[in-house]
Amino acid sequence: MTTALLILLTAFVPVFVQTVGTSDPWRLWIGEYSDEPIQVWNRGMRNTVEKSGGRNLRITGATRVVLITPQHTQFRLVLHASGSSTLDGIRIRMRTTERDYTDNTQGGMVLSIDRSGMRIEEGISVLATADSIHWHLGQPLRIAIEHDGQQTRIAVGCTVFGPFSTLLPATQQTLIEPIGGSDALLLLDDVAAEGINN
Amino acid sequence: MNRYLRTVTALAACALLLGSCSTAGLRRTLTRTESDTYTHIRRDTTQTIEFTNAPGERGVIYPSDRTVKTERTIQQYDSTAERHFPNFIRFGVFESAGLLATGPSDRAVGGGIFGIFTDPNESFGNNITPKSALFTGSMYRFGTVELPLYWFDDAPTWSVGTSVAEIFQWEASNDRAIVGALPLYFRKRLYVREEIPYFCITGAVGFGFLPSQYLNLSASFDAGSLGGINVRTYGGVLIGRSIEQRSVVQPYLGFGVSLLDFLNHPRELRHQWKDHEHSSWDVGLLRLTPFLLLSGGDTAARGQSIGMQLQVMPATVGFPVGDHRICVGVDLWNFVFAFRQQQQANPGIGFGYGVLPLRVGYWMPIADGALAIEPYAMYSYFPHSMWQVAARLHLNAVEWLPVGVTLGYISSAGFTISRGTIGEVVGRNILAFNVAYLGITIGIAEELFRPSQLRYYRTEQ
């Protein structure tokens, strides 16, 4: 019996080492039991991103979160964003990848919503602005994004912007950055994605 | 010990078979791959306008027959960018150490300072006779893998790992020997120097389950890796049961060396393989040189004599002087089989071998490193004196399988042997020899590096 247990423990060691050592604690999944799971890649300190529900994320401090739809590059993504009083807004980068962004090769299309208004930019071009849409404490914003071929539509609340034609390739990634200090808290609720079939 | 060694070997073989049935399996463990998928869509509209006017003068208001054909096309294609990153903190093939005061001084294993300078009569065998020596014990570790461990709220430089096998031989008997197959180790490194070569203090907790059950608490001061070469100072205590099921509580202190043992700082795990910093001109598992004797062989031989040189785990590191083309190298073992005497009742063998022989040379890369010429001198000081002067043309023909041509001269002082594995395999009538040779070199699992891959040249750029 003891020998069998020791053999089992010995055989378990390489499995344990490989499983623990090759796991990536900076990646987690939301909606993992649905047809369209979304991978969340935390690019900051490990404790800055926490899964607070099946499709909810709690993001603390100045970090960046990458939402990855592994099955689609052309998709609709919807989320509800809210936050603490120390949060000044949210910035969403589309049609780029984390690696391209950090390598400064492609910044993508950027949606910024802060206390002064909303802007959609691509490179140095401003595609749309709206002063009537602000970041308000206690007022969750519903943000929906659709990447369909060369066109991107963005809806903030009930207002739809676009379609914006772009030459940027569609990617699987959407980068989300809270705007604010290290104590800013961003809550993303009901994050969901679905693919678009052309 | 035989039975246990067989058990360990069998377990190790099983682990290797299961863990890396293919090189892809090992690569998956040692390499992390990130991929980004892009979809490019291009819409295009082509209008073709065709006028088919009727012949003759029709006036300006006469309607012309015009056909407009509009074609809309959508071109969509996906492209995937893959990036490969190292995923291991440490990957080592061989590590050994000489241990101090682990038993009575007249019952020493006699492996010397690094545990591998063993008597030729006992080398590669398991029949060890007690002898008087300062380094009484030895430690050997094979096939070590350490992967990053993220715990304690991301406390850095932790690792979890195992080895195919590790052996602690405290003295020249197996009563207290500790043998572990696939032990589990948790290690924490404190970097004293964060540049290559790294200097760090490593604390380790290890658990062995089979065939010995033990707990190993140890600390070491590590220098390396540079071309896979490391030197270490060890201290620790091992508590457990030996392979003869005797209780053992053994503190130890020792010095060690390891080859083909690569250490990555955690920050290097975020650098792609293509940007990885290398320090050596070449590193390999085996280098085989069958050669034709040009002079100095068996005088009674009628035809040409063929010999063989085998270098185990050769490494050639760029020396940090000038343009880094002066290189120093070391092998774990260097075997030279020069000739066997013919037409004799007890034929003499032109044979020599060296443990950790030292090599100095000059590396001349040609065609951006696809070719290289390396004139070098190598000196083996243990277990007997043997030196070699040669020039080698390296050709990076196939990945992990370079070939080359070597022209050289080897002089061996010879040594006497009365028993043991070497005597059984090679013969006991070992002769001194001086030979000139021309050989073809084949590197097995060997990689030649180009100047652009060496960190020295990147820094200068």
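How many residue pairs are in polar contact between chain B and chain A? In this predicted model, the count is ten, with both residues of each pair at pLDDT 80 or more. Sorted by class, the side of chain B that touches chain A holds 16 nonpolar, nine polar and seven charged residues.

The contact between the two chains draws 32 residues from chain B and 34 residues from chain A. About 2,900 Å² is buried between chain B and chain A, and carbon and sulfur atoms account for 59% of that area. Three salt bridges are found across this interface. For the pair B:Glu34 and A:Arg27, joined by a salt bridge, the closest N and O atoms are 3.9 Å apart.

Within chain B, strand β1 (residues 31–51) runs antiparallel to β2(B), and 21 bridges join them. One example is B:Ile41, whose bridge partner in β2(B) is B:Gln76. Between the chains, two bridges connect β14(A) with β1(B), again in antiparallel fashion. Here A:Ala170 has B:Thr39 of β1(B) as its bridge partner.

Attention now turns to the domains of chain B. Chain B is divided into domain 1 (86–273) and domain 2 (278–460). Their contact involves 23 residues from domain 1 of chain B and 27 residues from domain 2 of chain B. The C-alpha centres of the two domains are 28 Å apart. The area buried between them is about 2,100 Å², with 73% coming from carbon and sulfur atoms.

Five residue pairs are in polar contact between the two domains, both residues being at pLDDT 80 or more. On the side of domain 1 of chain B that touches domain 2 of chain B, β3 (90–100) and β11 (247–263) each supply at least two residues. The largest share of that side, four residues, belongs to β11(B). By class, its residues comprise 15 nonpolar, seven polar and one charged. The domains are also linked by one salt bridge. A salt bridge joins the side chains of B:Glu122 and B:Arg419, at 3.6 Å from N to O.

Terms used
Residues are numbered from 1 along each chain as its sequence is written. Chains are lettered from A and ligands numbered from 1 in the order in which they are written. This is a predicted model: local features need pLDDT of at least 70, side-chain atom pairs count only at pLDDT 80 or more; totals for chains, interfaces and linings use all residues. Side-chain values use heavy atoms; hydrogens and water are left out. Domain bounds come from an automatic or database domain assignment. Contact means heavy atoms within 4.5 Å. Buried area is the accessible area (1.4 Å probe) that two parts lose on being put together, summed over both. A salt bridge is a side-chain nitrogen of Lys or Arg within 4 Å of a carboxyl oxygen of Asp or Glu. A polar contact is a pair of N or O atoms within 3.5 Å; within protein, one must be able to donate a hydrogen and the other to accept it, and residues adjacent in sequence count only if both atoms are side-chain atoms. Ala, Val, Leu, Ile, Met, Phe, Trp, Tyr, Cys and Pro count as nonpolar, Asp, Glu, Lys and Arg as charged, and the others, Gly among them, as polar. Two strands pair if DSSP finds at least two bridges between them.
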